Amino acid sequence: MGAKTGSSPPVAPPPASSATALFPSINALKLKTKQQELLIRVSILALVYVLAFAIRLFSVLRYESMIHEFDPYFNYRTTLFLTEKGFYEFWNWFDSESWYPLGRIIGGTLYPGLMVTAALIYWTLHFLRFAVHIREVCVLTAPFFASNTTIVAYFFGKEIWDSGAGLVAAALIAICPGYISRSVAGSYDNEGVAIFALLLTFYLFVKAVNTGSLAWALASAFGYFYMVSAWGGYVFIINLVPLYVLVLLVTGRYSMRLYVAYNCMYVLGMLLAMQIRFVGFQHVQSGEHMAAMGVFFLLQVFYFLDWVKFTLNDPKLFYSFLRIALTCAISVGSLALGVGMATGYISPWTGRFYSLLDPTYAKDHIPIIASVSEHQPTAWSSFMFDFHILLFLFPAGLYFCFKRLSDATIFIVMYGLTSMYFAGVMVRLILVAAPAVCLISSIAVSATLKNLTMLIRAKNNATPMGSSKGTASLKASAKASSFDQPLPYQRNVAIALLLGAFYLLSRYAIHCTWVTSEAYSSPSIVLAARGAHGGRVIFDDYREAYFWLRKNTPADAKIMSWWDYGYQITAMGNRTVIVDNNTWNNTHIATVGRAMSSYEDEAYDIMKSLDVDYVLVVFGGVTGYSSDDINKFLWMVRIGGGVFPVIKEPEYLVNGEYRVDKGAAPKMLNCLMYKLSYYRFGEVTTEYGKPPGYDRARGVEIGNKDVKLEYLEEAFTTSNWIIRIYKVKPPKNRW
Amino acid sequence: MRKVFGCALFLLHLATWMTTARSDLVISKVDRRIDLTSHIVRVLSTLKVENAGRVVVSEILLAIPNMQAKNLANLKAFYNEGKGKGSAINLPVTEVHPEGMPPELSFYSLSLHEGLEKGKSLTVNVLTIFTHSLQPFPEEISQSDVQLVVYQDSAYYLSPYEVKSQSLNVLLPGGRVESYTKHPSGKLVDSEIKYGPYEKLPPFSYSPIVLHFENNNPFVVAHELVREIEVSHWGSIQVTEHYNLAHKGATNKGGFSRLDYQSRSYMGGRSSLRQLIARLPPRAHSIYYRDDIGNISTSHLWGDSRKTQLEIEPRFPIFGGWRTSFTIGYGLPLQDFLFVSEGNRFLNITFGCPMDEVVIDDLIVKVVLPEGSKEVSVSVPFHTKQRHETKYSHLDIIGRPVVALEKNNVVPEHNTYFQVHYKFNNLSLLWEPLMLISGFLLLFVACIAYMHADMSISKSSASYIAKLQWDEVQATVQQVQNVIKRCLSAHEKLETSLQDLSRTGDVQSCKATRKIADGLLKELSKELKPLMGFLQSSPQAAQIWPKVEELVAKEKEMQEKLMQKHVAVVDCFEKKYSGREIENRVAPYQQKLSALKQEVDDLLDYIDEI
């Protein structure tokens with residue numbers, strides 16, 4: 001070491017000595033491996049937190065800080081009311097602006113979690129002297145909760161696998177398109193908060209099962225309460241958790257921990273959930289919640305039998321007791337259920353629940369559910385679009401879960417499989433599956449990467465060159481060498497696989513960013529298109545029309561439109577609507593559908609009976625906007641016909657074909673919807689080289705160019721004709 | 001219409017009844033020009049006033065019928081100093097109620113600075129501006145109709161003085177003239193109607209005229225405009241203007257057809273309001289245009305060094321009777337508008353709305369000064385209602401002082417500069433950043449306190465005690481590690497001393513170093529003893545104990561080897577062996593040492609990870 005006499009140059013000492021002087025300080029600053037790991041973990045989590053928030057801001061950058069789509073407008077309106085009038089006013093609010101003339105009891109028919117959350121954030125910020133507008137709070141609520149979800153995902157991943165899997169899960173869920181689709185800035189909907197609450201409840205429950213701690217079970221009950229207050233999807237929790245408990249019982253994994261966790265969570269969660277007016281006593285009265293109650297009693301029986309077995313201490317006696325006890329319990333349970341059902345105390349399953357279990361149910365029985373595009377069964381392409389590589393990692397993750405089976409992995413496997421089924425039934429439920437898919441995929445990624453790096457580092461350590469650090473790698477090398485003797489190209493293959501994994505993950509990141517920016521950031525109120533010169537053209541017709549309504553119609557005017565636009569009209573137009581997106585009264589919606597599909601004079605009578613002052617239709621014939629009322633018209637006919645048999649769907653079709661051109665059915669050409677959409681459209685030339693009255697959305701020349709209106713008059717049409725508003729004329733004098 | 005005529009006749013009657021000369025003043029010549037090209041009526045009267053009496057006269061009275069006076073937005077009188085184009089001097093105008101005058105008239109007095117001496121004459125220009133004076137007739141028109149309006153006035157100049165010679169020109173916007181009063185001597189030339197000249201008319205002469213003509217200008221009236229001017233001493237002034245607009249022309253009837261509006265743009269909606277142009281100060285930045293439900297994307301902006309021009313289109317064209325509301329906002333550089341004089345600061349900024357030909361029924365200008373401003377005073381060139389408010393914005397504790405100025409019936413002529421004087425201490429600027437910093441500091445302190453605080457409820461539970469013990473064990477292990485590290489650094493010193501030796505050959509100093517190091521190491525091993533004793537006895541350390549023991553043993557071994565090596569090398573030097581010889585002798589120690597060092601390092605890392 002120090003034997004190279006005189007070979008060192010004379011200039012060397014000074015720097016060497018200064019270096020030795022510096023060394024202690026650097027050594028003091030140098031973090032221990034554990035601290036380093038903690039630092040890296042925390043900074044990765046912090047970055048993921050920021051990333052999850054930032055990627056959801058595309059919509060704000062592309063458009064503006066605005067509320068998106070349909071339902072969020074209702075949520076925004078109620079939040080505004082809550083912050084202005086206070087909680088009790090909000091709770092007791094009878095809204096006469098919707099469902100005219102029925103009105104709606106807002107406090108009793110909504111999940112208040114989202115509004116209360118946003119209002120609390122707003123009040124906190126104001127308390128801290130940040131004078132933000134409530135709209136900004138509402139717009140950013142969903143991204144904020146998405147960020148929080150990543151943290152929960154980290155802890156969940158840590159609970160079911162290890163902290164590495166937790167980190168990967170946080171990163172995957174931060175940018176998973178399936179989740180982003182419902183949580184971009186401006187998507188102020190229940191789901192934005194609910195997915196956080198869902199994952200939090202599951203995490204806390206798994207934690208409670210793992211520890212058997214009353215505190216965690218209590219926390220999960222509160223998580224459940226928050227979920228119940230935020231979204232109707234809580235039914236998923238209240239069915240999945242008992243199912244999980246049942247599976248644990250069947251597989252012989254019953255433990256005291258499970259008993260404590262489930263009982264505490266169920267009893268407290270149920271009591272708390274009853275505080276939400278919209279849910280009320282459903283936990284004890286509705287068929288959808290009975291599974292949880294059944295499992296609750298089953299657990300008691302199980303515990304009791306366990307105790308009896310312990311006290312009896314005689315297998316023969318116990319078995320005979322078991323037989324009697326079981327028959328008693330089952331008969332009592334089924335009797336109670338039967339009596340409950342028969343007396344109507346326990347309500348049967350609702351149609352919505354059936355349509356979840358059976359994808360074809362809604363199509364046959366509830367057209368109003370089937371008419372919503374997000375309730376359609378999911379196509380493979382949208383699975384690919386929303387999950388990308390997670391779709392392949394999911395089975396791999398399941399393999400790892402089964403390989404290391406524990407209470408926690410059983411839970412995540414069940415969550416993953418059930419939610420995947422539901423995601424297949426309805427497009428919108430991809431959202432519920434997204435966290436499970438991310439978690440299971442993260443196990444696959446983390447476990448694979450760990451194995452590969454172990455191989456590489458083991459090789460590294462074997463060579464005397466590297467000053468390898470840490471006994472972890474020492475152990476790893478020991479493990480690796482004991483596991484199997486190195487295959488010929490093991491290290492190279494491992495490196496190649498690592499690079500492959502890196503490539504896949506980066507493709508995932510690129511895909512997610514692209515999907516978010518292109519597909520999921522459109523507010524759908526403002527439409528953007530590319531102009532002839534490549535410039536961005538904005539169609540702001542919706543707001544143009546709604547603002548016109550707000551400013552230039554009497555304050556008590558009643559607007560009739562298809563229910564899709566109800567929330568937007570009340571929120572932006574501030575006018576009373578006949579039906580809106582809260583589709584609770586099918587008859588009322590059917591009445592509107594009937595009016596739209598009747599002849600003008602018949603429709604006039606219906607409209608007069610509903611006190612309608614203005615009729616609003618959405619028309620895309622000029623711009624080629626395809627989700628307009630003419631394309632939705634068949635659903636109006638179907639829903640109207642479902643209640644009023646005078647409306648017959650075949651009358652609007654020609655040989656089972658839906659058309660608006662010359663060959664269309666006469667009833668179609670003269671119904672109110674057709675007339676209102678195409679009034680004076682026959683005089684317009686929409687495209688060069690096409691005859692006047694050429695409908696660009698459907699690509700045909702319309703069949704009835706000479707539309708005359710007798711009982712209505714055009715009141716307003718937006719600059720791109722997307723929205724047309726007609727005024728209902730007052731009745732004519734009789735003499 | 002009929003009511004209006006009736007009123008006019010009544011006035012005429014009154015005027016003929018009250019024909020008493022007011023004073024010695026005589027108006028020798030009046031030229032009146034009424035500008036009806038927009039919806040704001042501007043009347044410019046040039047009066048040549050002669051003092052025919054004996055005494056010096058210091059005020060001139062102007063008479064305006066009450067019916068018009070209620071729409072009077074601005075009354076300005078000025079005369080030109082010297083002949084030709086001298087500088088205009090404004091005369092102060094006050095509303096007066098002289099005795100013995102008909103109550104149907106409102107009187108305004110112009111006070112002359114120096115007084116008009118006997119026999120002298122003076123030419124005074126009086127500009128009166130009226131709003132809401134053009135009545136649409138018919139009141140309802142369809143989209144393709146032209147907008148016709150009615151205007152009434154007197155052919156004669158209404159004055160409490162005798163008027164010797166006068167003429168009246170009415171400027172119309174062009175287009176169709178439905179009818180006009182031909183008597184007396186009215187004639188239409190191009191788009192101008194001329195009355196007069198009339199000679200020698202007694203005081204209060206009045207001859208009503210009614211003009212019915214086409215005026216397709218949008219009658220843009222802001223029911224309310226709230227301008228908020230927020231001063232920030234960090235470098236910008238933020239102006240926010242909330243408009244509540246209506247088209248007060250003929251009301252639209254029979255609906256609105258987009259087809260007619262788009263394809264026959266001349267026919268469909270000529271009097272509709274399509275766009276507004278706001279002239280903003282130069283270097284205006286961060287301009288936005290939005291309303292209650294979001295951003296409005298139809299606006300254009302041009303700017304050069306002298307002005308910024310913002311062209312905005314409402315969401316929909318505004319027809320007669322339609323309303324809209326919107327907000328525009330912009331930032332201005334602070335140094336262009338805020339000045340310092342005698343320790344006071346004053347803000348010098350325009351009062352009215354930056355748009356052309358907009359009548360504002362109710363204008364509220366709010367000047368929001370920074371938190372901590374004192375002694376606020378305002379000077380506005382015309383009468384306004386003033387009140388003080390407080391506004392809470394970001395990070396405000398006591399709130400920002402706000403001066404609210406309210407004025408009714410505002411026309412573009414009111415868009416003049418006004419000043420707000422106030423005192424502000426520069427140190428107050430630091431208040432908000434300091435508050436933020438201390439807020440974060442408190443947060444971190446709270447975090448630290450939480451991390452160090454013992455929050456457990458039951459101090460006697462097994463797990464709590466175990467945790468305490470474990471903490472203690474960890475602390476001890478930490479101490480052991482420190483001691484080992486110090487030993488290692490002592491080793492390093494020995495090694496360097498060997499290096500020095502090989503370079504300088506100073507055996508004595510090397511020996512001295514060894515002695516010191518030896519002493520140090522002994523002391524450290526003494527220090528280690530109680531720690532090891534504790535670890536051995538503690539049940540919590542059972543798992544970690546063997547490793548620590550091994551570490552200490554290895555370190556001890558390393559010490560010994562190193563000492564041996566050191567002794568050997570020094571020995572060799574004393575015996576003056578060659579370098580190769582020394583290397584050969586030291587080699588076995590060296591090997592052993594590096595192996596030991598590796599083991600010690602690994603053990604240290606392992607203990608670290610626990």
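Analyst: What follows describes the cavities, and then a helix pair and some backbone details. The model is predicted, and every value below is computed from it.

Five cavities of 30 Å³ or more are counted. The largest cavity has a volume of about 220 Å³, and the second largest cavity holds about 50 Å³.

A total of 18 residues line the largest cavity. Nearest its centre lie B:Arg32, B:Ala63, B:Ile64, B:Gln68 and B:Tyr157. Four strands of chain B, β2 (41-51), β3 (57-65), β8 (121-130) and β11 (148-154), each contribute at least two residues to the lining of the largest cavity. The most come from β3(B), which supplies four residues. By class, the lining of the largest cavity has twelve nonpolar, four polar and two charged residues.

The second largest cavity is lined by B:Ile141, B:Ser142, B:Gln143, B:Asp145, B:Ala250, B:Asn252, B:Gly269, B:Arg270, B:Ser271, B:Phe319 and B:Gly320. The lining of the second largest cavity divides into three nonpolar, six polar and two charged residues.

Chain B also has a cis peptide bond, from B:Phe137 to B:Pro138, with omega near 5°. B:Pro138 sits in the loop between β9 (135-136) and β10 (140-141) of chain B.

A:Tyr100 and A:Pro101 are joined by a cis peptide bond with omega of about 0°, and A:Pro101 is placed in the loop between β1 (94-95) and β2 (104-105) of chain A. A:Arg680, a residue other than glycine, has a positive phi near 60°. The loop that holds A:Arg680 runs between α32 (672-678) and β8 (694-695) of chain A.

The axes of α10 (residues 190-211) and α11 (residues 214-230) of chain A come within 8 Å and cross at roughly 160°. Because angles over 145 degrees count as roughly antiparallel, α10(A) is roughly antiparallel to α11(A). The crossing of α10(A) past α11(A) is left-handed. On the α10(A) side the contact residues include A:Val193, A:Phe196, A:Leu204 and A:Phe205, and on the α11(A) side they include A:Trp216, A:Tyr224 and A:Met227. In this contact of α10(A) with α11(A), 15 residues are nonpolar, five are polar and one is charged.

Note on methods
Residues are numbered from 1 along each chain as its sequence is written. Chains are lettered from A and ligands numbered from 1 in the order in which they are written. This is a predicted model: local features need pLDDT of at least 70, side-chain atom pairs count only at pLDDT 80 or more; totals for chains, interfaces and linings use all residues. Side-chain values use heavy atoms; hydrogens and water are left out. Axes are lines fitted to C-alpha atoms, for helices over the stretch in contact, and angles run from 0 to 180 degrees between N-to-C directions. Angles under 35 degrees count as roughly parallel, over 145 as roughly antiparallel, 65 to 115 as roughly perpendicular and the rest as oblique. A crossing is left-handed if the near helix is turned anticlockwise from the far one by less than a right angle, and right-handed if clockwise. Contact means heavy atoms within 4.5 Å. Ala, Val, Leu, Ile, Met, Phe, Trp, Tyr, Cys and Pro count as nonpolar, Asp, Glu, Lys and Arg as charged, and the others, Gly among them, as polar. On a 1 Å grid over the protein atoms alone, a cavity is a set of points where a 1.4 Å probe fits but cannot get out, and a pocket is an open set with protein on both sides within 12 Å along at least five of seven lines; lining residues have an atom within 4 Å of a point. Grid points are joined across faces, edges and corners, and a volume is the space filled by probe spheres set on the points.
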